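Subject: Structure handover

Hello,

Please read the notes alongside the coordinates.

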Amino acid sequence: MEDYNLIRGRIFDIQRYSIHDGPGIRTIVFLKGCVLRCRWCCNPESQEYDIQTVNANGKIRIYGEDVTVAQVMETVMRDADYYRRSGGGLTLSGGESLLQPEFAKGLLMAAKDYGIGTALESMACVDYEVIASVLPYLDTYLMDIKHMNPQKHKAFTGRTNELMLENARKVAQSGQTNLIIRTPVIPTFNDTVEEIRAIAEFADKLPNVTQLHLLPYHRLGQDKYQWLGRKYEMGEILPPDQEKMEMLKKTVESVSGLDCRIGG
């Protein structure tokens, strides 16, 4: 048994049979902990690293479980045939999965040893040395770029964006992984033509980057805030309609050579 099989980490969910968050059919492993506090976060249970117990409409739920790489991969590899037929594999998500760097690296290494594809959803809000440590085992990096203005970014997420933008440049320049830029489209935050254009122009200048995914805001995590005893700050905000998303897609295509997709 390789040493990485014994590495322990903290997860809050494993989602099988996903057709999002990377190519093919995938299993998504959600890691606990995040440095951002995005107002629209659909996984608020991911933000705190601590294990949380909540009352969800009379049913007790526990958010968080300590597991080993080997335990996670036992679940992941149940669907190995689907990965091989579809070009899918393992995706790490969160939270910010790179806040548990050794665990994340161990999972990616294990997937590679099993011969399945790897992907990572991340805001890149960590030291670049952490990112560099996982790149040799990473096929696809799904990196969030939420806004180009550092002050507005901080107002809605709790952090400025300079580190993330610099890390995007470094990952792109490394050429070690397929970097895809993803932008959650959030009304009142970044859903104007000017704001999406600025992100597209930034992404278009990144070497080796060919895709930008626009992810429409949704309210699917709203109930969790009540269970956690927190206020949902986006309660009055409606998701963008398809016409708006198509208009923003055309904006990206008008200022860049990127393959722009709605969803992802």
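Helices (H or I, at least four residues) and strands (E, at least two) are DSSP runs, numbered from the N terminus. This is a predicted model, in which local features need pLDDT of at least 70, side-chain atom pairs count only at pLDDT 80 or more, and totals for chains, interfaces and linings use all residues. Residues are numbered from 1 along each chain as its sequence is written, and side-chain values use heavy atoms, with hydrogens and water left out.

Overall, the protein chain has 9 helices and 11 strands. Its C-alpha atoms fill a box of roughly 50 × 45 × 35 Å along the principal axes. The radius of gyration is 18 Å, which agrees with the value near 18 Å for a compact globule of 264 residues; it is taken over C-alpha atoms, and the globule rule is 2.2 Å times the number of residues to the power 0.38. Of the 264 residues, 53% count as buried (buried is under 20% relative accessible area, exposed over 50%, partly exposed in between, with a 1.4 Å probe and protein chains only).

Strand β6 (residues 89-93) is largely enclosed by the rest of the structure, because 5 of its 5 residues are buried. Strand β2 (residues 26-31) runs parallel to β6 and is joined to it by 5 bridges; two strands pair if DSSP finds at least two bridges between them. Within that pairing, V29 stands opposite L92 of β6. β6 also pairs with strand β7 (residues 117-122), in the parallel sense, over 4 bridges. There, G89 has G117 of β7 as its bridge partner. Together with helix α3 (residues 101-114), β6 and β7 make a right-handed β-α-β unit (right-handed if, with the strands pointing away from the viewer, the path from the first strand over the helix to the second runs clockwise).

I62 sits in strand β4 (residues 59-63) and counts as exposed, because its relative accessibility is 57%. E236 lies in the loop between α8 (222-227) and α9 (242-255) and counts as exposed at 74% relative accessibility.

Regards
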